[in-house]
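Start with the view below.

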Amino acid sequence: MARPDDISPAVYEWAEIFTDEHIHTDDRELVARAFIAGQQSVTNPDRVGLTDRQRKAFDILQTHIELTGGTPPSFRELAQRLGCTTSRAHSVCKQLEHRGLITMVPRCPRSIAIVGRAA
């Protein structure tokens, strides 16, 4: 049995979102649905609970960093790829940073890094 210390904050957040979506489901059905959803999300555990825009931004960042040998895109480039404003792209990156998926250095251009990966 997992102790609460063994459960990551991302999993707690996913569980909260999941239970909110299934608020009127009985306990056994909720557990079964959570098990099925958990099995489907095992392939991308880092991205559980992300919005479509956050997931797309994270994918763009990952791909760009891999293809350029470690150089992240600018917020303007990211905004163009996401089809949004530069301000919105920055906001999405702040959300990804808050979730612990990326890091950024304030007032430092192209400072985005994927957490857990060497540049």
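## Burial and C93

Buried means under 20% relative accessible area. In this predicted model, C93 has a relative accessible area of 0%, so C93 is buried. C108 sits at 39% relative accessibility. It falls between the 20% and 50% limits, so C108 counts as partly exposed.

## Packing of α4 and α5

Two packed helices are described by the angle between their axes and the distance between the axes. For helix α4 (residues 75–82) and helix α5 (residues 86–98), the angle is about 95° and the axes are 8 Å apart. Angles of 65 to 115 degrees count as roughly perpendicular, so α4 is roughly perpendicular to α5.

On the α4 side, the contact uses F75, R76, L78, A79 and L82. On the α5 side, T86, A89, H90 and C93 take part. Six of the contact residues are nonpolar, two are polar and one is charged.

## The largest nonpolar core

This core holds 19 residues. L61, L78, L82, C93, L96 and I102 touch the most other members. Two or more residues come from each of α3 (52–67), α4 and α5. Helix α3 gives the largest share, five residues.

What does L78 contact beyond its neighbours within four places in sequence? Its partners are A57, I60, L61, P73, A89 and C93.

## Cysteines

How many disulfides does a search of the whole structure find? The count is zero. For C93, the nearest cysteine sulfur belongs to C84, 9.1 Å away. A disulfide needs sulfur atoms within 2.5 Å, so C93 is in no disulfide.

Terms used:
Residues are numbered from 1 along each chain as its sequence is written. This is a predicted model: local features need pLDDT of at least 70, side-chain atom pairs count only at pLDDT 80 or more; totals for chains, interfaces and linings use all residues. Side-chain values use heavy atoms; hydrogens and water are left out. Axes are lines fitted to C-alpha atoms, for helices over the stretch in contact, and angles run from 0 to 180 degrees between N-to-C directions. Helices (H or I, at least four residues) and strands (E, at least two) are DSSP runs, numbered from the N terminus. Angles under 35 degrees count as roughly parallel, over 145 as roughly antiparallel, 65 to 115 as roughly perpendicular and the rest as oblique. Contact means heavy atoms within 4.5 Å. Ala, Val, Leu, Ile, Met, Phe, Trp, Tyr, Cys and Pro count as nonpolar, Asp, Glu, Lys and Arg as charged, and the others, Gly among them, as polar. A nonpolar core is a set of buried Ala, Val, Leu, Ile, Met, Phe, Trp, Tyr and Cys residues joined through side-chain atoms within 4.5 Å. Buried means under 20% relative accessible area, exposed over 50%, partly exposed in between (1.4 Å probe, protein chains only).
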